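Morning, everyone. I have one structure to show and two places in it to talk about. Please have a look at it first.

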Amino acid sequence: MAGGDAPYGWIPEATIAVQDGRIAWVGPQDELPDNMADWPDQEVSGCLVTPAFVDCHTHLVFGGDRALEFEMCLNGASYEEVARAGGGIVSTVRATREATLEALVETALPRLDALIAEGVTTVEVKSGYGLDLETELNMLRAARKLGMHRKVTVRTTFLGAHATPAEYKDRDDAYIDEVCIPALRAAHAEGLVDAVDGFCEGIAFQPAQIERVFKVAQDLGLPVKLHAEQLSHLGGTQLAARYGALSVDHVEYANDEDARAMAASGSVAVILPGAFYTIRETQQPPLDSFRAHGVPMALATDCNPGSSPLTSLLLTMNMACTLFRMTPEEALAGVTCNAARALGFQDRGVIAPGMRADLAVWNVKTPAELSYRIGFNPLRSRIYSEYAEGEA
Ligand code: DI6
Ligand code: FE
């Protein structure tokens, strides 16, 4: 599987030459350059090699879980009753504030291991369940530690503008100015932030409030991304495009004008079927508009304890195809090259010379099998190129 004109960029009977952790050459095995012919080789027959997977949108680090809330809802409780009973994001905030840094790492590792078991080598992890300065920093410290405990690349995203905490009830603006922005500055000063995100939604923050956070991100030289148009159309996508966002995520309620703006800004549409499925949303993201305007589409688990307790990119691919009619070729690009682009990486997600040798070897005959199966993991092996220094 490499960049090229064939569907999926597929090269049958291919050879991939690797040197110092990077792809040196890829092509039909009978065209291997002579100067590489005596390189040590590893024969893998009857399988498919793809770029290793990238999960570009996760909330992997958090305290507690929301299983009880799940049960309450299925026993007929309304979202409001759940919230009054202390459920929702608020309950995760409480558990996350009570957790030690070590506990945040220990509870996230099994979720990360589930992703790694399906060929993931790069994962994005957001803050957003602390909603006070120290806990937001602790979440990002925990995210950084995940990359020391496992052979993966971790990208961190500051999401202080995820929700307004109870102590700032009905004082959203004060929370943005007194907690969110100071926490962003402190996290950046500690080297904990690779990008800045926000939740632009009626139940969270208005575009003008998000823009105050984006202005600080811009001053700090940090790229932005945004949870936008998930439950309604608030105009977050246009704001994100104005700030050249790496990605706009969820986008169920985005429209053709939004797709046009994203194409102009080079933003990636990150499609999150796990949340659509869990909250039983009915509005589908405008895939035809993204296709028509050439907006790259990525897929991610959005792993979080409330709206998407999902730790499988393979199932995410199947959901995107079955629920949104994404093609298997789009789905594979969605968890490789487009997901890498949503994180600002240019050195992974494609098997091509100069790219990191982050690879996944699958016991399948065709790439479509990766999206076709439900709850089956055909991974044979995962190759993480820890020797590839820096970016290409
Ligand atoms: N959108 C979502 O669906 C999650 N956050 C967001 O910005 C919800 C997170 C949770 O319910 O814990
Ligand atoms: Fe999310």
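I'll start with the ligand site and then move to a serine. One thing to keep in mind: the model is predicted.

First, the site. Which residues are around ligand 1? The list is R66, I89, Y129, H162, F199, H227, Q230, H250, N304, G306 and S307. Sorted by type, this shell has three nonpolar residues, seven polar ones and one charged one.

Next, some distances in that shell. Y129 places a polar side-chain atom 2.6 Å from an oxygen atom of ligand 1. For Q230, a polar side-chain atom is 2.9 Å from an oxygen atom of the ligand. With H162 the ligand atom is a nitrogen, and it sits 2.8 Å from an N or O atom of the histidine side chain. As for cover, ligand 1 on its own would expose 320 Å², and the protein buries 94% of that.

Now the serine, S127. It is in the loop that runs between β5, residues 120-126, and α5, residues 133-149. Is S127 buried or exposed? Its relative accessibility is 0%, so it counts as buried; the cut-off for buried is under 20%.

What does the side chain of S127 contact? It makes a polar contact of 2.5 Å with the side chain of E136. A polar atom of the S127 side chain also lies 2.8 Å from the backbone nitrogen of L159. Leaving out residues up to four places away in sequence, S127 touches H59, E136, M139, L140, T157, F158, L159 and G160.

Note on methods: Residues are numbered from 1 along each chain as its sequence is written. Chains are lettered from A and ligands numbered from 1 in the order in which they are written. This is a predicted model: local features need pLDDT of at least 70, side-chain atom pairs count only at pLDDT 80 or more; totals for chains, interfaces and linings use all residues. Side-chain values use heavy atoms; hydrogens and water are left out. A residue is near a molecule or strand if one of its heavy atoms lies within 4 Å of it. A polar contact is a pair of N or O atoms within 3.5 Å; within protein, one must be able to donate a hydrogen and the other to accept it, and residues adjacent in sequence count only if both atoms are side-chain atoms. Accessible areas come from the Shrake-Rupley method with a 1.4 Å probe; for residues, only the protein chains shown count as cover. Ala, Val, Leu, Ile, Met, Phe, Trp, Tyr, Cys and Pro count as nonpolar, Asp, Glu, Lys and Arg as charged, and the others, Gly among them, as polar. Helices (H or I, at least four residues) and strands (E, at least two) are DSSP runs, numbered from the N terminus. Buried means under 20% relative accessible area, exposed over 50%, partly exposed in between (1.4 Å probe, protein chains only). Contact means heavy atoms within 4.5 Å.
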